[in-house]
Amino acid sequence: MGTSLDIKIKRANKVYHAGEMLSGVVVVSSKDSVQHQGVSLTMEGTVNLQLSAKSVGVFEAFYNSVKPIQIINSTIEMVKPGKFPSGKTEIPFEFPLYVKGNKVLHETYHGVFVNIQPQKGTLTPSPVDFTITPETLQNVKERALLPKFLIRGHLNSTNCVITQPLTGELVVEHSDAAIRSIELQLVRVETCGCAEGYARDATEIQNIQIADGDVCRGLSVPIHMVFPRLFTCPTLETTNFKVEFEVNIVVLLHADHLITENFPLKLCRT
């Protein structure tokens, strides 16, 4: 005699927001009638933090702060003790999505070091103009050996709606060295820890080429990057963890010089 249980959510995309009602059915399937001691359903939402392998052992006090943070927990009794008939039985359920205490219902997100088991915000456009020259670069050991170049451009906003692309343009005004390629690199920065110390890990989650070869001088190169749905979430900052995003404009010259300009981003779902 085999009995199976399945939980089906009514909303096909399974996307809910705080304050909404989560509804669906529990499906019980059995070839024969089944005696049972009751059926209850528990909904739990947690934030799980973990250190990367290179950070374990660095912050001993960190282990107390990486325990799962429970932000929602609710249990309902669906059926009192009795018997299920043979065949398929559907039991409907509804859960209101309310958080515990003063916790925030963060958007579901799975990163390398932070997992959240959703939140809406407001957005103010923040355009950025940039100029890249040998003099503006940081972390350069031998600046005098760099070829001369001048790159201008702008990002339409570094405050971005996560469902809309990052846009802007870039113009190579001058470069003594030939250009091999220009790329956009999207980086996710996950920080977690406590007062005694923090672990910070940056991961490249997307890289797209916006120009190939020696770009014509004075030609406007469009910047257009769609945020990958499975690897991004709204920017988060809490007591024990942060999830932030940055974009790098990477210019590779034929002389094997790598030019990188970094821009912090703030992602929001409106």
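Predicted model: local features only at pLDDT ≥ 70, side-chain atom pairs only at ≥ 80, totals over all residues.
Residues are numbered from 1 along each chain as its sequence is written, and side-chain values use heavy atoms, with hydrogens and water left out.

**View 1. The chain as a whole.** The secondary structure comes to zero helices and 19 strands, where helices (H or I, at least four residues) and strands (E, at least two) are DSSP runs numbered from the N terminus. Of the 270 residues of the chain, 42% count as buried, a term that means under 20% relative accessible area, whereas exposed means over 50% and partly exposed lies in between (1.4 Å probe, protein chains only).

View 2. The strands follow the order 1-2-7 with antiparallel pairing, and two strands pair if DSSP finds at least two bridges between them. Strand 1 (3-9) and strand 7 (87-96) stand at the edges with a single partner strand each, so one side of each is left without a neighbour in the sheet. From one strand to the next, the twist averages 20°, with axes being lines fitted to C-alpha atoms and angles running from 0 to 180 degrees between N-to-C directions. Strand 2 (residues 21-30) is joined to strand 7 by ten bridges, and methionine 21 stands opposite proline 96 in strand 7.

**View 3. Strand 11 and its partners.** Strand 10 (residues 128-132) pairs with strand 11 in the antiparallel sense over five bridges, and threonine 131 has arginine 152 as its bridge partner. Strand 13 (residues 166-175) runs antiparallel to strand 11 and is joined to it by seven bridges, with leucine 170 as the bridge partner of glycine 153.

**View 4. Serine 157 in its loop.** Serine 157 lies between strand 11 (149-155) and strand 12 (159-161), and counts as buried because its relative accessibility is 13%. The side chain of serine 157 reaches the backbone oxygen of asparagine 159 at 2.7 Å. Leaving aside residues up to four places away in sequence, serine 157 touches Pro125, Ser126, Pro127 and Leu166, where contact means heavy atoms within 4.5 Å.

Terms used
Polar contact = N/O pair within 3.5 Å; in protein donor to acceptor, adjacent residues only side chain to side chain.
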